[in-house]
Amino acid sequence: MIRVGYMGIPFSNSAEMSERLAKAIGLEECEHVALMSAAGVVSALMDGSIDYGVLAVCNRFAGPVMETREALEGKPIESIRMEWTHIHHCVFLKHKDAKVTKLVSHIQALLQSKDNLHRLYPNAEFSECEDTAYAAEMLADGTLSDDCAAVCRRDAGEHYGLYLAHENVEDNKENMTQFSIIRRV
């Protein structure tokens, strides 16, 4: 079976785009493999454990996804198809009354929402993690303390049973990210 690896975990934007881009190039029957990072996707392509990879390339407002750029540098990889998609972020808490001192997410989500997050939580620090959905998973399973909030997709926070504190916190309602499906040359 054809394997398509993507950065992130299930309920991430990359997971959704992995399915969408695979279908767009005619891959109806394939296995989608969560590989957490751009480096993980590129490494898996290079060692042949996946056939295709899906990476976030650039955000309309936050700019290039640097981890993708760094992972691809000097590698014999080609882009087959690129697509833009709207990106929406939510803030989820462990409990309704949690006092937030830290906002945890992928750097791109934090950059895309920084003004609204500073307005909503002026004293909270930003803390980067590998993936938006992973922030929700870590908050739900207790890896992150109850004073943390996860910035992620709505379906990720709901999947992990978290409390939705704020929806659509991205600074620009036209927030879009470009994703690419790639393969080894």
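Me: What makes M7 and F179 count as contacts of L55?

Reply: Contact means heavy atoms within 4.5 Å. Leaving aside neighbours within four places in sequence, L55 has such contacts with M7, A38, V41, V42, T68, L72, Q178, F179, S180 and I182. Keep in mind that this is a predicted model.

Me: What makes a nonpolar core, and which residues have the most contacts inside the largest one?

Reply: Its members have to be buried residues of the nonpolar kinds, such as Val, Leu, Met and Phe, joined through side-chain atoms within 4.5 Å. The largest such core has 27 residues, and V4, M7, V54, L55 and F179 have the most contacts inside it. As for where they come from, β1, α1, β2, α2 (38-47), β3 and β11 each supply at least two residues of this core. Helix α2 gives the most, with five residues. Apart from this core lies another, of 16 residues, including C90, A133, A135 and L144.

Me: How do you know that the length of helix α1 agrees with its number of residues?

Reply: Helix α1 covers residues 13-24, twelve in total, and at 1.5 Å a residue it should span 16 Å. The C-alpha atoms at its ends are 16 Å apart, so the two agree. Just after α1, G26 takes a positive phi of about 90 degrees.

Me: Which residues of α1 are buried, and what covers them?

Reply: The buried ones are N13, S14, A15, M17, S18, L21 and A22. Their cover includes the strands β1 (2-6), β2 (30-34), β3 (52-59), β5 (77-86) and β11 (176-184). There's a general point about helices here: with 3.6 residues a turn, residues three or four places apart point the same way.

Me: Why is L21 called buried?

Reply: Buried means under 20% relative accessible area. L21 has 0%, so L21 is buried. This residue lies in helix α1 and touches V54, R81, E83, F179, S180 and I181, not counting residues up to four places away in sequence. L21 and F179 are 158 residues apart in sequence, yet their C-alpha atoms are 8.5 Å apart in space.

Me: Why does E83 count as buried, being at 16%?

Reply: The cut-off is under 20%, and E83 has a relative accessible area of 16%, so E83 is buried too. E83 sits in strand β5. Beyond four places in sequence, E83 is in contact with M17, R20, L21, A24, T177, Q178 and F179.

Me: What makes a space a cavity, and how many does the structure hold?

Reply: A cavity is space where a 1.4 Å probe fits but cannot get out. The structure holds one of 30 Å³ or more. About 240 Å³ of space lies in the largest cavity. Of its 20 lining residues, N13, S14, A56, H106 and Q108 are the closest to its centre. Among the elements, α1, β3, α4 (107-120) and β11 each supply at least two lining residues, and α4 gives the most, with three.

Me: What kinds of residue make up that lining?

Reply: The lining divides into seven nonpolar, eleven polar and two charged residues.

Note on methods:
Residues are numbered from 1 along each chain as its sequence is written. This is a predicted model: local features need pLDDT of at least 70, side-chain atom pairs count only at pLDDT 80 or more; totals for chains, interfaces and linings use all residues. Side-chain values use heavy atoms; hydrogens and water are left out. Helices (H or I, at least four residues) and strands (E, at least two) are DSSP runs, numbered from the N terminus. The expected span of a helix is 1.5 Å times one less than its number of residues. Buried means under 20% relative accessible area, exposed over 50%, partly exposed in between (1.4 Å probe, protein chains only). On a 1 Å grid over the protein atoms alone, a cavity is a set of points where a 1.4 Å probe fits but cannot get out, and a pocket is an open set with protein on both sides within 12 Å along at least five of seven lines; lining residues have an atom within 4 Å of a point. Grid points are joined across faces, edges and corners, and a volume is the space filled by probe spheres set on the points. Ala, Val, Leu, Ile, Met, Phe, Trp, Tyr, Cys and Pro count as nonpolar, Asp, Glu, Lys and Arg as charged, and the others, Gly among them, as polar.
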